[in-house]
Amino acid sequence: MFFMKKIVKLLCMALLASTFTACDLLDIHPYAVKINGERDINATNIKEIETSCRDKDSIRFVVTGDSQRWYDETEDFVKAVNSRNDIDFVIHGGDVSDFGMTDEFEWQRDILNGLDVPYIVIIGNHDCIGNGKRTFKKIFGQLNFSFIANRVKFICLNTNSMEFDYSEPIPDFTFIEDELTNRQTEFDKTVFCMHARPLSEQFNNNDAKPFEYYVNLFPKVQFCTAAHDHRITAEAIFKDGVMYYGSDCMMNRNYLLFTIKADGYEYEVVPF
Amino acid sequence: MKLFHSKYLLVLLLTVFSCSIFAQESHYDRRIHRYRKHWEAMIPTQSTVQMYGNMGLVSIGMGWDYGHKKQWETDLLFGLLPPYSSGKTHLTMTLKQNFIPWSISLNSTWAIEPLSCGIYLNTVYGPEFWTRQPERYPKGYYTFPSRVRANVYIGQRVVIHTPVEKRWFAKEIAVFYELSTSYLYLASAVGNKYLKPRDYISLSFGLKFQLF
């Protein structure tokens, strides 16, 4: 009896010690999707963006992406954006994680939460690995979503067809079509944002042409933004006048800066 | 004298007879003995319950100890990964190799094993995880398998020898803890000051029951 008591005592001590002093160390599994901290980042930040950008003359926003495993560089990026006061919001083009591990999403969220301006994150192909897409949905939100900043509609799309083995419609043309009429009176310009651009190996390229068709149905398409290629790109992929701007990876320490004014837009690559 | 002779003869006869039986069955006996010995070596000598350590919330399994001082152990554990926010429960399997170089006996009941170390491979079951990259990807698209991970650990154990009169299940019970990391975490930590040891090191603990 005395012996059993000793074991129970030892176990209780181990349990107590671990509960109070080492919660961070008790990792269940890399793909546990046991989320600590803030969720639904995109929904919260979209409200903020829509409110702060209403009735402005122009909007200025940063496009970045592919920050997987470059935590120090992402911290420097946050500092660089915070050091200026002319930015309305940040669009992260996806790949916050490299392996789809739950921890990776939390680490990147915690760093990006340091931004003084609201940010949104689009899903990248690496974010889909393992249980990654489930974690992404909980921490950041829906895989296809849109918001309106100063009468510009931003349509953010999941374009990682290969990650879903073509089992889901990606890009989702039903979603895109609905966006034509959804809040129709509130916008008169459009920007498309995605992780993998059309004709990339990740995109379902059987849908590339229909994608171009749908994009051109929208009012005053300004340009499209993408990430994924880990280099700066600027190309009218379909030679139809719609530019696709690709952001670099975080390691290369630069971001894209866009200003949409009443009479057009400006584009700049800013090193940090 | 005659009586003695006949007794002697009887003993001699019996000895020869028994020897001849032994000689006749010795090959078979040896064979069966070997056969049993080999299969008996596969009877697990220990069972383990372990919590956390990137192998599931709780893992249960069995293992074998071997070596000159029983300093080597191999465990096969099955773990449970509760659904949490993923909405899906997953089963995991862990193959674990332990090395326990020293065991310091304090008295007839208590012993300390100041170092245990080893590696373990953990696999998680579910269609969203793969070991070999699915064919839809270009060659070498991802450089790591999402299903299997190698972990390394170091830890310590306290061993309790159960008193013979109170023994009902196990000869020894070891309480242990381990600090581990996997290569996915190491790959994340390398080149980043942002990640601290608490981010990439995991604590796990458990009980090992030495059955015999």
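## Basis and overview

The model described here is predicted.

Chain A contains 7 helices and 11 strands. Its C-alpha atoms fill a box of roughly 85 × 45 × 35 Å along the principal axes. Of the 272 residues in chain A, 47% are buried. Among the contacts in chain A between residues at least 6 apart in sequence, 75% join residues at least 24 apart.

Chain B has 3 helices and 9 strands, and along the sequence these follow the pattern α-β-β-β-β-β-β-β-β-α-α-β. Buried residues account for 25% of the 212 residues in chain B. Of the contacts in chain B with a separation of 6 or more, 53% are between residues 24 or more positions apart.

## Asp240 of chain A

A:Asp240 lies in the loop between strand 8 and strand 9 (244-246) of chain A. With 12 other C-beta atoms within 10 Å, A:Asp240 is exposed. Leaving aside residues up to four places away in sequence, A:Asp240 touches A:Glu212 and A:Asn216. A:Pro271 is 31 residues from A:Asp240 in sequence, and the two C-alpha atoms are 30 Å apart in space.

## Parallel strands 1 to 3 of chain A

Strand 1 (residues 59-64) and strand 2 (residues 89-92) of chain A run parallel and are joined by 4 bridges. Strand 2 of chain A also pairs in the parallel sense with strand 3 (residues 119-121) of chain A, over 3 bridges. A:His92 of strand 2 stands opposite A:Thr64 and also opposite A:Val121 in strand 3 of chain A.

One is made of strand 1, helix 3 (residues 71-82) and strand 2 of chain A; another is made of strand 2, helix 4 and strand 3 of chain A.

In a regular strand, side chains alternate between the two faces of the sheet. Strand 2 of chain A is covered on both faces: A:Phe89 and A:Ile91 are buried on one side, and A:Val90 and A:His92 are buried on the other.

Helix 4 of chain A is largely enclosed by the rest of the structure, because 8 of its 11 residues are buried. The buried residues are A:Thr102, A:Asp103, A:Glu104, A:Phe105, A:Trp107, A:Gln108, A:Ile111 and A:Leu112. Their cover includes helix 3, strand 2, strand 3 and helix 5 of chain A, together with helix 2 of chain B.

Two packed helices are described by the angle and the distance between their axes. For helix 4 (residues 102-112) and helix 5 (residues 132-139) of chain A, the axes come within 9 Å and cross at roughly 30°. The crossing of helix 4 and helix 5 of chain A is right-handed. Helix 4 of chain A contributes A:Thr102, A:Phe105 and A:Arg109 to the contact, and helix 5 of chain A contributes A:Thr135, A:Phe136 and A:Ile139. By class, the residues of this contact between helix 4 and helix 5 of chain A are 3 nonpolar, 2 polar and 1 charged.

## The six-stranded sheet of chain A

Chain A also has an open sheet of 6 strands in the order 4-5-6-7-9-8, with mixed pairing. Strand 4 (145-149) and strand 8 (233-235) of chain A are at the edges; each has a single partner strand, so one side of each is left without a neighbour in the sheet. From one strand to the next, the twist averages 20°.

Within the sheet, strand 5 (residues 152-157) and strand 6 (residues 189-194) of chain A run parallel, joined by 6 bridges. The bridge partner of A:Phe154 in strand 6 of chain A is A:Val191.

## Contact between the chains

The contact between the chains takes 34 residues from chain A and 34 residues from chain B. On the chain B side, strand 7 (148-161), strand 8 (172-182), helix 2 (183-189) and strand 9 (202-210) of chain B each supply at least two residues. Strand 9 of chain B gives the most, with 3 residues. The residues of chain B that touch chain A divide into 19 nonpolar, 9 polar and 6 charged.

Note on methods
Residues are numbered from 1 along each chain as its sequence is written. Chains are lettered from A and ligands numbered from 1 in the order in which they are written. This is a predicted model: local features need pLDDT of at least 70, side-chain atom pairs count only at pLDDT 80 or more; totals for chains, interfaces and linings use all residues. A residue is buried if 20 or more other C-beta atoms lie within 10 Å of its own, exposed if 12 or fewer, and partly exposed in between; C-beta atoms are placed from the backbone. Two residues are in contact if their C-beta atoms, placed from the backbone, lie within 7 Å. Axes are lines fitted to C-alpha atoms, for helices over the stretch in contact, and angles run from 0 to 180 degrees between N-to-C directions. A crossing is left-handed if the near helix is turned anticlockwise from the far one by less than a right angle, and right-handed if clockwise. Ala, Val, Leu, Ile, Met, Phe, Trp, Tyr, Cys and Pro count as nonpolar, Asp, Glu, Lys and Arg as charged, and the others, Gly among them, as polar. Two strands pair if DSSP finds at least two bridges between them. A crossover is right-handed if, with the strands pointing away from the viewer, the path from the first strand over the helix to the second runs clockwise.
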